[in-house]
Amino acid sequence: MNNEKLAGTQITKTIILFLIGSTMVIGTGVEAGRDMWISTLAATFLSLPVILIYCRIASLFPGKDLIEILELNFGKLIGRLLSIPFIWFAFHLAAIVLRNFGEFISTIALPETPKTVPMIIFAFICILAVKAGIETIGRCSQYFILLIAVEIIIVNMLNIPNMEIENLRPLMTLEASKYMQSIFTAFSFPFGETVIFLMLFSSVQKKNSVYKIFLSAIIIAGLIISFTTARNIMVLGPNTMEAMYFPSYSAISRVNIGNFLQRMEIVVTIAFLLAGFIKISVALLAATKGFARLFGFEDYAIWVVPIGLLMVNMSYLLYDDITEMFEWAQKIWPYYAFPFQVILPIGIWIALEVKRMLKEKKQQVEL
Amino acid sequence: MWIMMIISYITVSFFDLKSTKDKITTGKLMLYIFLMAVSCAIGIANGYVLDMPSPAEPLRRMVLSITGK
């Protein structure tokens, strides 16, 4: 199981689905109002320096994951201590995304059913996928991305009659701080979350360039998210969109071609759930792999069920209601995630570079 | 409800451990049982305690106090 290897295209598609997973459902960067799509686009490109740092960390030690890199460079004790925040972050992210989808299903389809029921079912599917291994998740991504791409194209074409380009105007009328806040939110959710892929890069074939994988995935996903946000604004209008919990779902429910082709939101819900399944599975896999390595176990499969069940309990405990969930996503998450997504990776990167430079100098002196 | 919860956790653990191809040592088994017991206890408490403290609440308060919002 630990010898599983993913092809470059598979991991790229997995990252794209991971990024669009819950972002398509709950949206991001709401602070910028009608210019949300611009701030999402800006966040895509402004997140690239941080993403390049993730790439650099991964490319310094090809074929190794973050915890191995930390152990190798800082010793077993400090390395393992440094890996704990990343394991916690992956676990917390998995629980949060599971709750997002639990609330989504419970709001749109099963309002009378306790939300634990869809959450447990969803979690069990993810647990099975993680137990099957990263190769299975990668192969799932390969097929799911086709479905989602077709869905995005068809649904957007059908939604053209409902789009009002005037809803996007006037452009850039808000104060700069609102845009900064919006970009910050859009960076932390979803682009910065890709930090957990550092814990999975031991499963990527060595011949693939980490830079190519990460950068192409970030740019494609960023464009999809920005376009989806622009579509939502054009269809719903900025005020309605800000008031909606699930803007994409509401925008697609407006599709009505000749009173015949309507209720397309069900098709889209399936696409959302597929992307969500990939996101939760990847986060759970990272948490489980990290946990296994933290305790010095070679194989992670045995820990998937206990950690997956803990994730279900945690996600149920996280918030009282959907309002609290959105408050957390918009006001708390960007600040909470910042140390995991920026401060720790930058610190690790600087330490690795200094160590590498000192080693090279020492070698030169010896020669 | 709690009896059902315990039975379902025991059933899941039984089938999960049975299907594991990896060698199960005593240390692994103890950690596994501990994690399942914690998970089961939280699950039961979720059903009986009305205002279970959320693990996100201290983090939320900390972030709000830092940002001053």
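How are H7(A) and H13(A) oriented to each other?

1. The model is a predicted one, in which local features require pLDDT of at least 70 and side-chain atom pairs pLDDT 80 or more, while totals for chains, interfaces and linings use all residues; side-chain values use heavy atoms, with hydrogens and water left out. Residues are numbered from 1 along each chain as its sequence is written, and chains are lettered from A and ligands numbered from 1 in the order in which they are written.

2. H7(A) and H13(A) are oblique to each other. Their axes cross at roughly 60° and come within 9 Å, H13 being residues 322–366 of chain A. Axes here are lines fitted to C-alpha atoms, for helices over the stretch in contact, and angles run from 0 to 180 degrees between N-to-C directions. Under 35 degrees counts as roughly parallel, over 145 as roughly antiparallel, 65 to 115 as roughly perpendicular, and the rest as oblique. The crossing of H7(A) and H13(A) is left-handed, a term used if the near helix is turned anticlockwise from the far one by less than a right angle (right-handed if clockwise). Helices (H or I, at least four residues) and strands (E, at least two) are DSSP runs numbered from the N terminus.

3. Helix H4 (residues 66–108) and helix H11 (residues 265–294), both of chain A, pack with axes 7 Å apart at an angle of about 150°. H4(A) is therefore roughly antiparallel to H11(A). The residues of this contact comprise 22 nonpolar, four polar and five charged. In that division Ala, Val, Leu, Ile, Met, Phe, Trp, Tyr, Cys and Pro are nonpolar, Asp, Glu, Lys and Arg are charged, and the others, Gly among them, are polar. H4(A) passes H11(A) in a left-handed crossing.

4. One runs from A:Arg169 to A:Pro170, with omega near -5°; A:Pro170 lies in the loop between helix H6 (134–159) and helix H7 (176–188). Another joins A:Phe189 and A:Pro190, where omega is about 20°. A:Pro190 belongs to the loop between H7 and helix H8 (210–236) of chain A.

5. A:Asn259 has phi near 55° and sits in the loop between strand S1 (256–257) and strand S2 (261–262) of chain A. For A:Arg263 phi is near 60°, and this residue is in the loop between S2 and H11 of chain A. A:Asn259 counts as exposed at 62% relative accessibility, and A:Arg263 is exposed at 64%. Exposed means over 50% relative accessible area, buried under 20%, and partly exposed in between (1.4 Å probe, protein chains only).

6. A:Asp299, in the loop between H11 and helix H12 (304–318) of chain A, counts as buried at 15% relative accessibility.

7. Chain B has three helices and zero strands. Its radius of gyration is 18 Å, well over the 11 Å that the globule rule gives for 69 residues, so chain B is more spread out than a compact globule. The radius is taken over C-alpha atoms, and the rule is 2.2 Å times the number of residues to the power 0.38. Along the principal axes, the C-alpha atoms of chain B fill a box of roughly 50 × 30 × 15 Å. Buried residues make up 32% of the 69 residues in chain B.
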